[in-house]
Amino acid sequence: MTYKSQLLRTLDERGYIHQATDADALDTLAARQIVPGYIGFDPTAPSLHVGSLVQIMMLRRLQQAGHKPIVVMGGGTGKIGDPSFKDEARSMMTDDVIAANVASIRKVFSRLLTFGDGPTDAVMVDNAEWLDKLEYIPFLRDIGQHFSVNRMLSFDSVKLRLDREQSLSFLEFNYMILQAYDFRELSRRYDCRLQMGGSDQWGNIVNGIELTRRVDAREVYGLTTPLLTTADGAKMGKSVNGAVWLNEDMLPAYDFWQYWRNCDDRDVGRFLRLFTDLPLAEIAELEAAEGAGINAAKIRLANEVTALCRGEDAAQKAEATAQATFAAGGVGGDLPVFAVPAEGVGIVDALIGVGFAKSKGEARRLIAGGGARLNGEQVADETLHIAAPAEDMRISAGKKRHGILRG
């Protein structure tokens, strides 16, 4: 399909579009006027991970195309937790934990969006502003009447959980109604015409569109991205070390850079389109490369994404560390560091201290499997004692995780 608006043309060319409600009408609207659009983020942790980055980049594309991004923090819906395609209910969080998570998550958006008071400047709002003030009986009377339980049960996000005979609390069942209410409220407060999200949010988005149409007789639109997995089928956002967090205080810049540098060859072009601002023609050249060229393309990917999310300086330091660690066989300065006490340390505790193992058992298994190395030499003895080194030593777990032991 050929789109008239820069917004849908860009989203289509870069691979963001999975489903859209009335794409022709949305395209016409986006070609004619500024379209305020939103995505919601529930504060379930102090940071979002890279699985959320495609959604943040969608808001960036929206702004680049001359429209207005609305970042909705789920201070209200976070008290329930989205049950979509989850096997069990999320742990309940206190108001203080939610507030702390919201404050922490805000940081990453300032790098990727321009906030302000202008017509296309981004705004950040918290849905607790309106959800916390709802009164139960008026809400049921005014909003609940527009929802069919039969239809709600038919949505995949609910149906799959029930088909597996996994409990779905009444609290969680209300989540889709509250998200629909968000869309109607944002339409009234900010003239919001578009909700975007992952493919798992399709049912919730459709509910919001229908509620806004029924209550306010207003046309609004929805757009979802494809389920984002790596070429080997793994879900985006996870690595061998756990979640790939966007916040600097949750994951060192070097580890973040390495996540992108180590991606599958088959993912390079797709990731460059989704997660960088490089022109499409340049991306086509990079993804067509073979041999050493594809490694150069991965380094370019890692640099571009790290610069966007962590800053240009962090990207340069991470690449320099990788160069020193791998190409020169030395120890890069941006690696995680463990300070070895004067009396020395055992290899098991060193692996835990640098963050390569969470327990002594995990560290011993790493050693037994041949994955632990000191200055490139495999460690076979789990009782090995390391004296406080006069010079930095490189400690490694496998081929891609490296740290520094410092005396």
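Q: Leaving aside its neighbours within four places in sequence, what is Ala387 in contact with?
A: Once neighbours within four places in sequence are left aside, Ala387 is in contact with Val340 and Gly344, where contact means heavy atoms within 4.5 Å. Ala387 and Gly344 are 43 residues apart in sequence, and their C-alpha atoms are 4.2 Å apart in space. This is a predicted model, in which local features need pLDDT of at least 70 and side-chain atom pairs count only at pLDDT 80 or more, whereas totals for chains, interfaces and linings use all residues. Residues are numbered from 1 along each chain as its sequence is written, and side-chain values use heavy atoms, with hydrogens and water left out.

Q: Why is Ala387 called exposed?
A: Ala387 has a relative accessible area of 52%, and the classes are buried for under 20%, exposed for over 50% and partly exposed in between, with a 1.4 Å probe and protein chains only; Ala387 is therefore exposed. Ala387 lies in the loop between strand E13 (385–386) and strand E14 (393–397), strands being DSSP runs of at least two residues (E) and helices DSSP runs of at least four (H or I), numbered from the N terminus.

Q: What makes Met236 count as buried?
A: The relative accessible area of Met236 is 3%, so Met236 is buried. Met236 is placed in the loop between E6 and strand E7 (238–239), and its contacts, sequence neighbours within four places left aside, include His49, Val50, Trp260, Phe271 and Phe275. His49 is 187 residues away from Met236 along the chain, yet the two C-alpha atoms are separated by 8.7 Å.

Q: Why is Met250 called partly exposed?
A: Met250 has 30% relative accessibility, and therefore counts as partly exposed. Met250 sits in the loop between strand E8 (242–243) and helix H12 (253–261), and beyond its neighbours within four places in sequence it is in contact with Pro46, Ser47 and Trp245. Its C-alpha atom is 9.6 Å from that of His49, a residue 201 places apart from Met250 in sequence.

Q: How do you know that H13 is roughly antiparallel to H14?
A: Helix H13 (residues 268–275) and helix H14 (residues 280–287) pack at an angle of about 160°, with their axes 9 Å apart. Angles under 35 degrees count as roughly parallel, over 145 as roughly antiparallel, 65 to 115 as roughly perpendicular and the rest as oblique, so H13 is roughly antiparallel to H14. The axes are lines fitted to C-alpha atoms, for helices over the stretch in contact, and the angles run from 0 to 180 degrees between N-to-C directions.

Q: What makes up the contact of H13 with H14 by class?
A: Gly269, Leu272 and Arg273 of H13 and Leu280, Ile283, Leu286 and Glu287 of H14 make the contact, which by class has four nonpolar, one polar and two charged residues. Arg273 and Leu280 are also in contact with Glu13, its neighbours within four places in sequence being left aside. Glu13 belongs to helix H1 (residues 6–13), and its C-alpha atom and that of Arg273, 260 residues apart along the chain, are separated by 8.4 Å.

Q: Why is H3 called oblique to H4?
A: Helix H3 (residues 53–64) and helix H4 (residues 95–112) pack at an angle of about 45°, with their axes 10 Å apart, and that angle makes H3 oblique to H4. In this pair, Leu53, Ile56, Met57 and Arg60 in H3 meet Val108, Phe109, Arg111 and Leu112 in H4, and the residues of the contact divide into six nonpolar, no polar and two charged.

Q: Which residues have the most contacts inside the largest nonpolar core?
A: Leu53, Ile56, Phe109, Phe256, Trp260 and Phe275 have the most contacts inside this core, which has 68 residues. Leaving aside neighbours within four places in sequence, Leu53 is in contact with Leu112, Trp260, Phe275, Val305 and Cys309. A second, separate core of 28 residues includes Phe147, Met152, Leu186 and Ile209.

Q: Why does Ala217 count as exposed?
A: Ala217 is at 68% relative accessibility and therefore counts as exposed. Ala217 is found in the loop between helix H11 (202–216) and strand E6 (221–225), and its phi is near 55°, a positive value in a residue other than glycine.

Technical notes:
Ala, Val, Leu, Ile, Met, Phe, Trp, Tyr, Cys and Pro count as nonpolar, Asp, Glu, Lys and Arg as charged, and the others, Gly among them, as polar. A nonpolar core is a set of buried Ala, Val, Leu, Ile, Met, Phe, Trp, Tyr and Cys residues joined through side-chain atoms within 4.5 Å.
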